[in-house]
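These are my notebook entries on a structure that I had not examined before. I set down what I looked up, entry by entry.

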Amino acid sequence: MATTQTFAFIGSYADADGPGLYACAFDERTGVLKLLDQADGLQNPTFLVPDETARTLYAIMESKDAEGRRCGGAAAYRFAPASGKLERLNEEITLPATTCHISLDHTRRFALTASYHGGMVGLSPILEDGRIGPAADIHRHEGSSVHPAQTQARAHSAIVDRDNRYAVVSDLGLDKVFVYKLDPANAKLTLQSETSIAPGSGPRHFAFHPKLSVGYGINELNSTITVYAYDAEQGRLSVAQTISTLPDSFEGDNATADIHLSPDGKFLYGSNRGHDSLAVYAVDPESGLVEPVEYAPTLGGHPRNFAVSPDGRFVLVANRDGNNVVTFSRDAVTGKLLPTGSEFSASKPVCVRFAEITA
């Protein structure tokens with residue numbers, strides 16, 4: 001009889017001669033992580049995405065082109081749930097500049113990558129055997145904004161909508177969120193619309209509500225979250241609300257990182273680096289607007305990415321400077337977080353992703 005298990009994959013800052021990717025079993029009763037395998041050979045595999053159905057994993061990495069120039073690459077792995085082992089399938093250059101984010105479209109036929117240093121977004125095919133293919137389409141953004149970090153375009157993530165029609169690209173350097181039309185038949189991205197937000201905001205990551213026509217963007221430079229109304233037919237975003245990720249009493253430097261919703265869409269979470277917390281918000285069930293619930297300490301410095309477990313009971317937070325991934329239990333009624341006492345040790349972890357795999 002087939003059974004479904006939950007796994008967690010962790011990416012980190014690492015040299016190629018040391019482990020950078022971790023495959024873990026996740027105990028759905030306790031939230032405890034157990035190391036199954038780790039992979040080396042990759043330079044800074046800081047972001048990753050699993051394909052649960054194909055049992056594959058894709059991780060960004062720093063690569064070099066034929067002339068020896070630094071560029072963005074991705075490595076594909078096969079994951080064996082019975083043994084917990086990772087098997088490398090291939091590596092491929094994705095963009096002509098180092099990358100910071102990778103995601104898959106809902107057909108799992110394409111990977112989308114974003115380059116902070118190059119201000120680019122790219123589309124790469126996933127081949128039938130699970131390997132990642134050469135880049136099929138690349139778009140470069142141009143411009144700047146008012147913050148010292150915004151001297152150029154800095155694409156930071158690309159997220160496909162629920163209908164697999166459009167991809168939202170957050171550009172930290174331009175204070176703009178772009179919507180691209182996804183054309184799987186021709187392996188193309190076509191610019192559909194763009195939305196400007198307050199100068200100096202620095203849009204970084206984005207999440208779609210699971211039910212409402214609403215999206216949420218977290219802004220790195222001014223520590224805010226923007227709520228957008230989303231026209232799924234026209235592929236357009238419009239600003240509905242902007243709210244701080246910090247308590248009024250906080251004084252000091254902070255930069256936000258990641259953003260996710262609970263599976264039921266009732267609560268929104270965003271990570272603060274500096275305040276070292278997850279900002280928790282209640283989501284209005286009709287409008288999608290948010291109001292603060294709490295600011296939960298992450299028990300480690302520089303919380304980068306985090307993940308809500310598929311059943312919504314736990315949250316895993318990757319603390320880069322704490323060298324730990326901390327497990328929190330999540331109250332489904334209040335949205336609040338409590339540490340379980342479970343921590344997984346890893347060197348400079350910055351990305352954590354869940355996968356439910358049937359074997």
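**Entry 1: the model.** I note at the outset that this is a predicted model.

**Entry 2: an open sheet.** I looked up how the strands from β4 to β7 are arranged. I found 4 strands in an open sheet, ordered β4-β5-β6-β7, with antiparallel pairing. I then asked which strands are at the edges. They are β4 (48-51) and β7 (85-95), each of which pairs on one side only. From one strand to the next, the twist averages 30°. I next examined how β4 is joined to β5, residues 56-64. The two strands run antiparallel and are joined by 4 bridges.

**Entry 3: aromatic pairs.** I asked how many aromatic pairs a search of the whole structure finds. The search gives 8. One of them is formed by Phe7 and Phe79, which are edge-to-face, with 4.9 Å from centre to centre and 75° between the planes. This pair links distant parts of the chain, since Phe7 belongs to strand β1 (residues 4-12) and Phe79 to strand β6 (residues 70-80), 72 residues apart.

I then turned to the pair of Phe26 and Phe354. This pair is also edge-to-face, with 4.9 Å between the centres and 75° between the planes. Phe26 lies in strand β2 (residues 21-26) and Phe354 in strand β28 (residues 349-358), so that the pair links distant parts of the chain, 328 residues apart. Phe26 and Phe354 are each buried. I also recorded one aromatic cluster, formed by Phe206, Phe208, Tyr228 and Tyr230.

**Entry 4: the cavity.** I looked for cavities of 30 Å³ or more and found 1. The volume of the largest cavity is about 30 Å³. I asked which residues line the largest cavity. The lining consists of Phe9, Pro50, Asp51, Glu52, Arg55, Thr56, Leu57, Phe79, Ala355 and Ile357. Phe79, whose ring pairs with that of Phe7, is thus among the lining residues. At least two lining residues come from each of β4, β5 and β28.

**Entry 5: the largest pocket.** I recorded a volume of about 1,200 Å³ for the largest pocket. Its lining comprises 38 residues, and those nearest the centre are His106, His260, Leu261, Val308 and Arg353. Two or more lining residues are given by each of β4, β8 (101-104), β12 (155-160), β16 (203-208), β20 (255-261), β24 (303-308) and β28. I asked which element gives the most to this lining. It is β28, with 6 residues.

**Entry 6: Lys336.** I looked up where Lys336 lies and found it in the loop between β26 (324-330) and β27 (337-345). I asked why Lys336 is classed as partly exposed. The reason is its relative accessible area of 40%, which falls between the cut-offs of 20% for buried and 50% for exposed. Leaving aside residues up to four places away in sequence, Lys336 touches Val293, Glu294, Ser329, Arg330 and Asp331. For Glu294, 42 residues away along the chain, I noted a C-alpha separation of 6.9 Å from Lys336.

Terms used: Residues are numbered from 1 along each chain as its sequence is written. This is a predicted model: local features need pLDDT of at least 70, side-chain atom pairs count only at pLDDT 80 or more; totals for chains, interfaces and linings use all residues. Side-chain values use heavy atoms; hydrogens and water are left out. Buried means under 20% relative accessible area, exposed over 50%, partly exposed in between (1.4 Å probe, protein chains only). Contact means heavy atoms within 4.5 Å. Two strands pair if DSSP finds at least two bridges between them. Axes are lines fitted to C-alpha atoms, for helices over the stretch in contact, and angles run from 0 to 180 degrees between N-to-C directions. Rings of Phe, Tyr and Trp (its six-membered ring) pair if their centres lie within 6.5 Å; planes under 30 degrees apart count as stacked, over 60 as edge-to-face and the rest as tilted. On a 1 Å grid over the protein atoms alone, a cavity is a set of points where a 1.4 Å probe fits but cannot get out, and a pocket is an open set with protein on both sides within 12 Å along at least five of seven lines; lining residues have an atom within 4 Å of a point. Grid points are joined across faces, edges and corners, and a volume is the space filled by probe spheres set on the points.
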